[in-house]
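This report describes how the chain shown here folds and packs.

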Amino acid sequence: MSWILSLALPTSDASGDEQLAHYFDQLRRRGLFVVAEEYALSRLRDPQLAADRRTDLVVELARCFTDHATYASPQQRDELWRKSLEVVR
């Protein structure tokens, strides 16, 4: 799945915030929730990640979990909602 991530990874320049949001938006629109979630989680494990980038990733991850819950089974939906709440705490 790492090859998918390399297709359109956002950069970290001044327009990076906009690119990051666009990247996640496009993954969510295509139903690639797991790809988006795994990418965000892997980036959030980086202890050197800048605070502003970490914040952006947390917001995008929460959005991914909630959008993913929309299409999930009732059991999985509850778990995704829980994850969404946990990530923003």
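A residue is called buried when its relative accessible area is under 20%, exposed when over 50%, and partly exposed in between, with a 1.4 Å probe and protein chains only. The model is predicted, so local features need a pLDDT of at least 70 and side-chain atom pairs count only at pLDDT 80 or more, whereas totals for chains, interfaces and linings use all residues. Residues are numbered from 1 along each chain as its sequence is written, and side-chain values use heavy atoms, with hydrogens and water left out.

**Overall make-up**

The protein has five helices and zero strands, and from the N terminus on its elements run α-α-α-α-α. Helices here are DSSP runs of H or I with at least four residues, strands are runs of E with at least two, and both are numbered from the N terminus. Of the 89 residues in the protein, 35% are buried. A contact means heavy atoms within 4.5 Å; among contacts between residues at least 6 apart in sequence, 49% join residues at least 24 apart.

**Helix lengths and buried faces**

| Helix | Residues | First to last C-alpha | Expected span |
|---|---|---|---|
| H3 | twelve residues | 16 Å | 16 Å |
| H4 | 21 residues | 31 Å | 30 Å |
| H5 | 15 residues | 22 Å | 21 Å |

In H5, which covers residues 74–88, the residues Leu80, Ser84 and Val87 are buried. They lie on the same side of H5 because they cover an arc of only 70° around the axis, the arc being that of the directions from the helix axis to the C-beta atoms. Pro74, Gln75 and Asp78, on the other side of H5, are exposed. The buried residues of H5 pack against helix H3 (33–44) and helix H4 (51–71).

For H4, the buried residues are Arg53, Leu57, Val58, Glu60, Leu61, Ala62, Cys64, Phe65, Thr66, His68 and Ala69. Those of H3 are Phe33, Val35, Ala36, Glu37, Tyr39, Ala40 and Leu44.

**The nonpolar core**

A nonpolar core is a set of buried Ala, Val, Leu, Ile, Met, Phe, Trp, Tyr and Cys residues joined through side-chain atoms within 4.5 Å. The largest such core has 20 residues, and those with the most contacts inside it are Phe24, Tyr39, Leu44, Leu57 and Leu61. Helix H2 (16–29), H3, H4 and H5 each supply at least two residues of this core, and H4 gives the most, with seven residues. Leaving out residues up to four places away in sequence, Leu61 touches Glu37, Ala40, Leu41, Leu44 and Val87.

**Aromatic pairs**

Rings of Phe, Tyr and Trp (its six-membered ring) are paired if their centres lie within 6.5 Å; planes under 30 degrees apart count as stacked, over 60 as edge-to-face and the rest as tilted. By this rule there are four aromatic pairs. The rings of Tyr23 and Phe24 have centres 5.5 Å apart and planes at 80°, so this pair is edge-to-face. Phe24 and Tyr39 form a tilted pair, with 5.9 Å from centre to centre and 40° between the planes. This second pair links distant parts of the chain, since Phe24 is in helix H2 and Tyr39 in helix H3, 15 residues apart. Both Phe24 and Tyr39 are buried, as is Tyr23, and ring pairs link Tyr23, Phe24 and Tyr39 into a cluster.

**Two further side chains**

Phe65 lies in helix H4 and counts as buried because its relative accessibility is 4%. Leaving aside neighbours within four places in sequence, Phe65 is in contact with Glu37, Leu80, Lys83 and Ser84. Phe65 and Ser84 are 19 residues apart in sequence, and their C-alpha atoms are 5.4 Å apart in space.

Which side chain makes a polar contact with that of arginine 28? A polar contact is a pair of N or O atoms within 3.5 Å; within protein, one must be able to donate a hydrogen and the other to accept it, and residues adjacent in sequence count only if both atoms are side-chain atoms. The partner is the side chain of glutamate 60, at 2.8 Å. Arginine 28 has its place in helix H2 and counts as buried because its relative accessibility is 12%. With neighbours within four places in sequence left aside, arginine 28 is in contact with Phe33, Glu60, Arg63, Cys64 and Asp67.

Conventions: Expected span 1.5 Å × (residues − 1).
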